[in-house]
Amino acid sequence: MSSLMGSGRAGAAGVFSRFEALRPRREDWTKGRVGRDLLAGVMVALVALPLALGFGVSSGVGAGAGIVTAIVAGAVAAVFGGSHLQVSGPTGAMTVVLIPIVAVHGTDGVLVVGLLAGVFLLVLSVTGAGRAIRFVPVSVVEGFTAGIAIIIALQQLPAVLGVEVHAEKILSLAGDAVSAWAADPGWAAPAAGLGVALGILTVARLRPGLPAALLLVGAVTAANAWLNIGLSTIGHIPSGLPAPHVPDVPWGDLDTLMVAAVAVTALGALESLLSATVADAMSVGQRHDPDRELFGQGLANIASPLFGGIPATAAIARTAVNVRAGATSRLAALVHAVLLLGVVLLAARWVGEIPLAALAGVLLATAVQMIRVSSLGALIRSTRGDAATMILTAAATVVLDLVLAVIIGLVVAGFFALQQTARTARLEQTPLDDLDHRDEERDLLDHHIVAYRIDGPLFFAAAHDFLLELAEVSRVRVVILRMSHVTHIDATGAHVLADTIGRLERRGITVLLSGVHPAHARVLTELGVYERLAHERHLFATTPEAITHARLHAARIDHTVSGGRPSAGSAS
């Protein structure tokens with residue numbers, strides 16, 4: 001009983017220490033430069049306002065939900081997140097996931113998914129899952145980003161063309177939008193949307209620091225109101241934050257909502273950690289805490305749905321603006337959220353007059369800016385595996401769904417990595433030491449003794465070739481397998497090694513093992529490698545010992561067996 005109580009106290013202490021490591025710290029706010037952070041916060045808010053509205057509309061929940069998400073999630077993640085420079089809110093990638101959820105379960109379904117995803121993210125942060133981001137290859141990241149950019153662009157076609165169509169699949173939506181516009185073409189919406197997009201891209205090249213999106217959207221809004229162009233607008237936006245409330249849970253659909261929440265969790269974790277990594281690379285002396293970042297995103301996704309906001313994640317584009325604007329601490333992201341709240345409180349009526357085509361133009365420009373042609377070109381030219389991984393990930397992102405696309409990308413990248421690793425495994429007849437003992441080698445061959453050294457990993461991807469090559473050994477009496485250069489061996493490799501030894505022994509060829517690493521002894525024992533040897537003492541710590549014993553076998557001299565089975569803790 002006392003032992004159980006002791007283990008319980010130890011477990012509670014471990015959990016407490018984990019939460020202690022995830023909590024905010026005083027130094028989060030004392031190392032920044034207030035002036036630079038205030039200016040950066042203003043710049044990010046100018047960029048974030050049209051994006052938040054656009055992503056809210058694009059998700060199907062509404063512009064008000066987008067701006068609430070930017071305010072609430074942006075503030076909570078700024079305080080509790082693991083990056084000093086990260087800016088969070090609604091994103092295009094998350095919007096892609098939310099559209100089918102809204103279509104099937106409605107607004108309350110999305111809010112429930114956000115709450116569940118927040119809880120899941122908290123669990124991931126406590127278990128230390130944030131460190132897994134380092135295992136995601138850059139080819140998967142670039143392919144995923146390119147696929148998201150294509151989806152965002154295709155999503156904007158109805159608003160840019162000024163038509164109203166609905167479809168669950170993005171390719172069907174784009175095709176229906178083009179067909180509807182061709183049946184009754186109008187030019188005001190395309191002119192506004194494409195004009196805003198081209199203007200943003202042009203200004204970004206000539207004057208990167210200018211808030212082009214806000215200026216152009218304001219110009220189109222004024223022209224639509226004064227000239228009575230007739231463009232569809234956002235409509236009513238609440239002039240303040242809604243009172244917090246728990247959404248109605250559709251208990252009958254809870255199983256499917258859980259599956260959707262897992263997808264939102266995976267996407268939120270992936271995008272947030274990738275964004276934090278990008279922010280670190282763009283800055284000097286900044287390093288994010290991945291587990292704490294997941295903790296902050298979890299709290300943000302719990303808070304946002306309570307106020308009617310959609311699931312949020314870190315935004316790579318807004319984070320990049322924050323870094324380029326000179327942000328030095330998380331105060332900049334908090335200022336951005338406060339300024340957006342001021343817009344809602346003081347200017348909601350005017351924000352509701354923004355044309356949907358203008359917002360679609362902002363998102364079109366965002367999609368174009370997400371695709372880094374130089375990075376994609378470098379990956380395509382680098383290796384066949386990287387190119388294939390990136391292309392397949394991008395295609396799966398557009399055609400299938402985002403989480404499945406990342407899984408496919410990881411599987412493809414893993415396949416090429418295993419293939420490359422397997423090529424490093426070699427079985428070769430080598431000199432018995434580092435000196436030039438050709439006469440000794442020739443003498444051993446005359447005695448029908450041959451030594452092979454296994455280099456690299458002996459695992460499932462390389463084991464088959466090993467079996468084929470070694471099993472063809474002929475006209476020898478003794479084979480010495482030098483194992484000291486084996487870097488890794490798995491169950492498949494050990495099984496193949498045991499099978500190969502059995503084949504050789506059945507043909508009357510004695511097999512000796514030398515230099516087995518202590519770390520490999522356990523798997524070799526469990527998989528029956530030692531049992532296939534003619535004698536349990538045909539194991540030697542060094543190759544010279546194996547050679548001496550091999551001469552006795554080859555000469556058919558009666559001898560006392562030497563050597564011994566190496567244990568898991570020794571090389572002999």
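**Stop one: helix α21**

Start by selecting residues 491-506: that's helix α21, with 16 residues and a reach of 22 Å from its first C-alpha to its last, close to the 22 Å expected at 1.5 Å a residue (the expected span is 1.5 Å times one less than the number of residues). Helices here are DSSP runs of H or I, at least four residues, numbered from the N terminus. This is a predicted model, where local features need pLDDT of at least 70, side-chain atom pairs count only at pLDDT 80 or more, and totals for chains, interfaces and linings use all residues. Residues are numbered from 1 along each chain as its sequence is written, and side-chain values use heavy atoms, leaving out hydrogens and water.

**Stop two: α4 and α14**

Next, select 63-80 (α4) and 331-351 (α14): their axes come within 8 Å and cross at roughly 155°. Axes are lines fitted to C-alpha atoms over the stretch in contact, with angles from 0 to 180 degrees between N-to-C directions. The two helices are therefore roughly antiparallel (over 145 degrees). Show side chains at the contact (heavy atoms within 4.5 Å): Ile67 and Ile71 of α4 are included, as are Leu340 and Val344 of α14.

**Stop three: α16 and α17**

Finish with 373-382 (α16) and 384-399 (α17), which pack at about 130° with axes 5 Å apart. Leu376, Leu379, Ile380 and Ser382 of α16 meet Asp386, Ala387 and Met390 of α17.

Notes:
Parallel < 35°, antiparallel > 145°, perpendicular 65-115°, else oblique.
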